[in-house]
Amino acid sequence: MAAISNVRNCVERLRRLVRLPGQRNLCAAARNLKTLPATLTHQLNALEKAAGVQLIERARPLAATPAGAALIHEAEHLLGLLDAAQSSVT
């Protein structure tokens, strides 16, 4: 996770990562996430490079690899903590 935390905008990228499994493909996912397909592909590639493993299988529909599922589980927990902390401050 240390390598991923060094990725620029890692929180936003993790928010997008957790929403990828089940999407029809990266283009559909990009539309649903209100970003460009090239941007989403670049961000996913950066996360995978930082993690050193493939996180999402580019099949139809998109699916998390075992490593991706583990990271998504941890990301959901982390994002929940961040959201709770932000809610308690505001």
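Hi everyone, thanks for coming. Please keep in mind that this is a predicted model.

Let's start with the helix pair. Helix α2 covers residues 10–18 and helix α5 covers residues 66–89. The two pack with their axes 9 Å apart, at an angle of about 125°. As for handedness, the crossing of α2 past α5 is left-handed.

Which residues meet there? On the α2 side we have Val-11, Leu-14, Arg-15, Leu-17 and Val-18. Their partners in α5 are Leu-71, Ile-72, Ala-75, Glu-76, Leu-78, Leu-79, Leu-82 and Asp-83. Sorted by class, this contact between α2 and α5 has ten nonpolar residues and three charged ones, with no polar residues.

Now let's stay on α2 and ask which of its residues are buried. They are Cys-10, Arg-13, Leu-14, Arg-16 and Leu-17. If you look down the axis of α2, these buried residues fall within an arc of 160°, so they line one face of the helix. As a reminder, an α-helix has 3.6 residues a turn, so residues three or four places apart point the same way.

Is Gln-43 buried or exposed? Its relative accessible area is 11%, and the cut-off for buried is under 20%, so Gln-43 counts as buried. Setting aside neighbours within four places in sequence, Gln-43 is in contact with Arg-13 and Arg-16. Both arginines are on the buried list for α2.

Next stop, a loop. Arg-24 is found between α2 and α3, the latter being residues 26–32. With 47% relative accessibility, Arg-24 is classed as partly exposed. What does Arg-24 touch, once residues up to four places away in sequence are left out? The answer is Arg-31, Ala-59, Arg-60, Pro-61 and Leu-62.

Last, let's go back to α5, where we find Val-89. Val-89 has a relative accessible area of 70%, which makes this residue exposed. From Val-89 to Pro-21 the separation is 68 residues in sequence and 31 Å in space, C-alpha to C-alpha.

That's my tour, and I'm happy to go back to any of these spots with you.

Technical notes:
Residues numbered from 1 in each chain as written. Predicted model: local features only at pLDDT ≥ 70, side-chain atom pairs only at ≥ 80, totals over all residues. Heavy atoms only, no water. Axes fitted to C-alpha atoms, helices over the stretch in contact; angles between N-to-C directions. Helix = DSSP H or I, 4+ residues; strand = E, 2+ residues; numbered from the N terminus. Left-handed = near helix turned anticlockwise from the far one by under 90°. Contact = heavy atoms within 4.5 Å. Nonpolar A, V, L, I, M, F, W, Y, C, P; charged D, E, K, R; others polar. Buried < 20%, exposed > 50% of the residue type's maximum accessible area, 1.4 Å probe, protein only. Arc of directions from axis to C-beta.
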